[in-house]
Amino acid sequence: MTAELTPLTKQPETGGATDRIGRPGFRIDVNTLVLAALCAVVLGLLFTMYVEAPTFFRVNNLINILVQASIVGILAIGLSFVLIGGGIDLSMPATLALSGVIGAICMRDMQSAWIGPVVMLTAGTAIGAFNGYAVAYLRMAPFVVTLATMTVAGGAAVWITGSQSISDYPLEFEDFFLFRFLRLPLSVWLFAACALIAAFLLNRTMFGRYIRAVGFNPAAASISRVPVSRVLCLTYVIAGFLASLTAILLIARLGSASASLASDSLLLDIISACVIGRVSIYGGVGNPLQAALGAVAVTLISNSLNQLGVSYFASLVIKGGIIVLFVYLDRFVRRSA
Amino acid sequence: MRTSRILATLGDAHRNLGLVLALLAVMAGFSIAAPSFATTDNLFAILHAMGPSTLAATGMALVILTGKIDISIGSIAFLSASTGALLMEAGHSPLAGFAAILGLGAVLGAINGFLVAYLRINALIATLGTMMAYRGIGLIFTDARVIPLPETMRSVANATIGPVFIDTVAVVAIVAAIQVLHRSTSFGRSLSAVGNGEDIAARIGLNTRRTVFLTFTLAGLLAALAACSSFIQVGSVSGFLGKGLEFNAIAIAVVGGISLAGGRGTIVPGVLIGAAAFQMISNGLNQVNADPYIYQLVTGAVIFVAMYMDAFKRAPVR
Amino acid sequence: MNALPRLQMSSVAKRFGPVVALTDGNLTLHAGEVHALMGANGAGKSTLMNILGGVISKDTGKVVIDGAPVELNGSAHAAAMGIAFVHQELTTMPTLTVAENMFLEDYPKRGPFIARRRMIAEAAALLARVGCQIDPLALVETLSTGDRQLVEIARAIRKAPKIIIFDEPTSSLSGPEREKLFGVIETLRANGAAIVFISHFLDEVFRISDRITVMRNGCTVGMWAKTETSTAEVVENMLGSVAATDRVREPFVSGSAPFLVAREVTSGPLIDGVNLTMRPGEIVGLWGLLGSGRTELVRALMGLDPLSAGRIEVAGDDGVLRETAPAALRQRTGLVTEDRRKEGVILPFSIAQNIGLPNLAQLSNAFGIIDARKERALATRLASELGVKAVSVDQTAGTLSGGNQQKVVFSKWLPMKPRLFILDEPTRGLDTGAKGEILKLTVRLAEEGASVLFISSELEELMRVADRYMVINRGRITHELPGSASHDALMASVSDERSMQGAA
């Protein structure tokens, strides 16, 4: 009976041919438009910086921005996997903090630099797997699961360290991760590598195709023999893994591990990066390369506003406004597509 | 007929039975471990301390009942409270200050409501954006200073009626009013109806957009009230006011049996149970001289337990 | 029956863009009668009723109520005109109480508050009128489907409507619940309401209705008093007649060993002890009216709903039957569901990506990297083989017409050569040309050695391809007919005594 009603709820299927050919192109146009708008904002910002604060363009400052962006960026890449798969992960900063703290303690107690990264990556991946299991197999709401994980992991990090920072681990750890190549520190190279690998995974491999299929339509994906639960679970594992990778880099840069690595503003920056990078929160759509660019944009905005003398507070307002604007545009683009 | 009526009256209480039992067990444990826990004084202290989070969680619960979420309430609390505090510092009367706080809270909530209900922006992201923006504006206003409240305000905090603090009375009255609003007005009922299914509610002829808009406005107002309740107790407004309040409120709502899918849950007893659970745990841990850092860990664990129970109740897991 | 009809709808037409949903809808209702409205899928019943209920507006035609012409603007206006619509899908809110549900958009008030006591009393009175004893304070989620339906009806009769539309009210009810509903309808009729009753169950229609209007292809084809017609005549008019020469291929009798044997498959409230054997190379037509359990059977076979009893055996490469879990069977089946937009294609994916999705293992190298050229080549080959009309295989599936989307769904299964295909209403919503192509494709699959279970509510279509018929009624296989079965025999099989008692 519903078949008789379907024309009410969807476009007639026999649209004009020109219309059909036109639509995909239109969609790309709007995408380009949004990207162009972002570029314009960033270029405008850079120009202002050039006039107002030339020191901004000192190589060291630019490298510094890239280093900051690499932290937000790797996390944003991890989050974009989860978002494209149709979920959300609020626990990434907390995962970063907990795995970092555990790894640092292991390094300190065993006085071995190598155990740190191994433990951190294992812990982060395990936390991600836990989230993934709860969401994919127990079918719990991603928002609550990762909210709870955020609280537990964040709490555990505080509890284990007693709010103290840990720094008396072997220095080889920092030596290795502060290694520079072509003046750029390892973290920037890793950031670039992550972005490229993630983009490759999502755009060129079976696994990436599965993630998008699940993000768009789990029911249809399941009928097309996509192992939906496994794919969904893996997106959280990747997020957890990348969170702990970030932990390594961040601890090496800061020279100490503490529970305060998981700041609220970090979570906001990650989500902002994804939203600005046009990774859709409705699943399926997004490119980690753009999320990485989003991370650079977010860092650039914070950093340059800071140098222009705009307070941190005002930059919060600006970033908040940008998020709302971009999601609104995203909805608009999706509706017209 | 009679038993089902009693069950219906109890609402979601029986859904929370396991949690209530666990809560009682925790209370018993604390009472044994710390003799000071199960005293009337401490009980009133708990009631007093849970005021702000109860108000915030009540607003959050209303939003979640419509199937949405609002993570900006902490920032609403901060921005409205700091604006009010600045007005009072500038010599305006406490009454004007209060009016400004409440009015601003409602307006900020209404902005969220407009973004979500009329511009149809995903609630999580819209309120994430306003969360940052509101806090940023508040910090610009206050320049991250700690603003002390006038002496008259602080004396309000210590006023009691019998053994009960006066702001506790206010909280009880507000929660009771919201409970009546939710249970016994057509707005309250349509709020739950929207949470059951926005499409069906619209088909029946309910104005779902207006309902969602008003709910966010109300949540903003309650966040402002939570801010009042909180700064009266502290005596000043700092840059940290309301920080993490939204997550606290979500946790209370989830533990109180408000389903994030929308439509399911009650303010009384649901939210009250949730708020009491967290306050009791924090107070109890304090009384037994536990490591203060363990509190957050326990909080998270409580959310997980509540969530797992909900997941298993909701659907068979394959 | 008085001379002036309560409602007269004449020559009502409605188009949705280029799609004609209703060409010539006519319906005459009298006070105090139960009037059955029958028709196959797409016959225009729902469109006609949605116009009457004010849900959609008509293009042309007349609606006359009690002798006065009316224009119905919106469902609220229709309700004010005394028309109540009990929708097929439940519109009750599970977490609210029964009474709250009944007054959702218009509570009795005392000041700003809901007058709870009055609401409960009024709800109880309405519930009593539909003859049930549900506690008005019970939460709807604690009620059975049947009770929820009664709540909807109680809500619908709140404003004492003159005309009540029941859109397939019995499709999800159990036997006793159905009896209860019929009792309610009797009472409403006795109170003078004019009742439209839409159902696919002939036994129900012949039991409770006074007159029957039949629609086909957007037109009203006739109206009969129940006493003056027969089930066979109604079915004949509903489905139209078919020329047997239209067959895509002559019935094929497979002599091979069975590929699949389902034994006593039982699932959910409907599917009850179904036995099914399928042999390679044959197309088994699953024939039954809407609501007979066709889709539910597919869901059970494919593991989308759990089996409560029975087993499924599938032949391995050695030809030996082994018990197989339904979910595992799904991994080896080409499944085409009726809802291609929700379950068939992924709309934002391109044609190539949709076709590639289940075949990625073959299209990727050892590292899981998709060979895009291979993918496009495969898609291009299949798309041209099946005649998918598109600019290129990079075109988004969401922009294709229904027939082309369905061809994409078929295409994605072809590379892995499944030995079993289940096609659930594969031609639904397609135009005649596209239908023919899908049917030819179906025969090709069988000729290549697959077993095909073909489901359709249009007998014309089924008769063009089926080699054998399994007739399903109320979740049971009631008849098995050979491919040579005549149109009349098939009609009789869904309308005779035995099939009507299918559930008994």
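**Note on the predicted three-chain model**

1. The contact between chain B and chain C takes 18 residues from chain B and 19 residues from chain C, two residues being in contact if their C-beta atoms, placed from the backbone, lie within 7 Å. On the side of chain B that touches chain C, α1 (2-10), α10 (186-196) and α11 (198-204) of chain B each supply at least two residues; helices (H or I, at least four residues) and strands (E, at least two) are DSSP runs, numbered from the N terminus. The largest share of this side, 5 residues, comes from α10(B). The residues of the side of chain B that touches chain C divide into 6 nonpolar, 8 polar and 4 charged. In this classification Ala, Val, Leu, Ile, Met, Phe, Trp, Tyr, Cys and Pro count as nonpolar, Asp, Glu, Lys and Arg as charged, and the others, Gly among them, as polar.

2. On provenance and conventions, this is a predicted model, in which local features need pLDDT of at least 70 and side-chain atom pairs count only at pLDDT 80 or more, while totals for chains, interfaces and linings use all residues. Residues are numbered from 1 along each chain as its sequence is written, and chains are lettered from A and ligands numbered from 1 in the order in which they are written.

3. Between chain A and chain B, 34 residues of chain A are in contact with 37 residues of chain B. α6 (142-161), α12 (264-276) and α14 (312-336) of chain A each supply at least two residues of the side of chain A that touches chain B. α14(A) gives the most to that side, with 12 residues. By class, the side of chain A that touches chain B has 23 nonpolar, 8 polar and 3 charged residues.

4. The secondary structure of chain A comes to 14 helices and 2 strands. Of the 337 residues in chain A, 55% are buried. A residue is termed buried if 20 or more other C-beta atoms lie within 10 Å of its own, exposed if 12 or fewer, and partly exposed in between, with C-beta atoms placed from the backbone. Among the contacts in chain A with a separation of 6 or more, 78% join residues 24 or more positions apart.

5. Helix α14 (residues 267-287) of chain B has 21 residues and reaches 28 Å from its first C-alpha to its last, close to the 30 Å expected at 1.5 Å a residue; the expected span is 1.5 Å times one less than the number of residues. α14(B) is mostly covered, with 16 of its 21 residues buried. A cis peptide bond, with omega about 5°, joins V268(B) and P269(B), and P269(B) has its place in helix α14 of chain B. After α14(B) comes N289(B), whose phi is positive, near 55°. Most residues other than glycine have a negative phi, and most peptide bonds are trans.

6. S11(C), a residue other than glycine, has a positive phi near 50°. S11(C) has its place in strand β1 (residues 7-16) of chain C and is partly exposed, with 13 other C-beta atoms within 10 Å. K417(C), which is not a glycine, has a positive phi of about 45°. K417(C) lies in the loop between α15 (402-413) and β19 (420-424) of chain C and is exposed, with 11 other C-beta atoms within 10 Å.

7. Chain C holds an open sheet of 4 strands in the order β14-β13-β16-β17, with antiparallel pairing; two strands pair if DSSP finds at least two bridges between them. β14 (271-278) and β17 (321-323) of chain C stand at the edges, each with a single partner strand, so one side of each is left without a neighbour in the sheet. Neighbouring strands of this sheet are turned by 20° against each other on average, direction ignored; axes are lines fitted to C-alpha atoms, for helices over the stretch in contact, and angles run from 0 to 180 degrees between N-to-C directions. Strand β13 (residues 260-267) of chain C and β14(C) pair in the antiparallel sense over 5 bridges. S267(C) has I271(C), in β14(C), as its bridge partner.

8. The domain assignment of chain C gives domain 1 (7-239), domain 2 (244-332 + 418-500) and domain 3 (349-416), with bounds from an automatic or database domain assignment. The centres of domain 1 and domain 2 of chain C, taken over C-alpha atoms, are separated by 33 Å. Across their contact, 13 residues of domain 1 of chain C meet 12 residues of domain 2 of chain C. α8(C) gives the most to the side of domain 1 that touches domain 2, with 5 residues.
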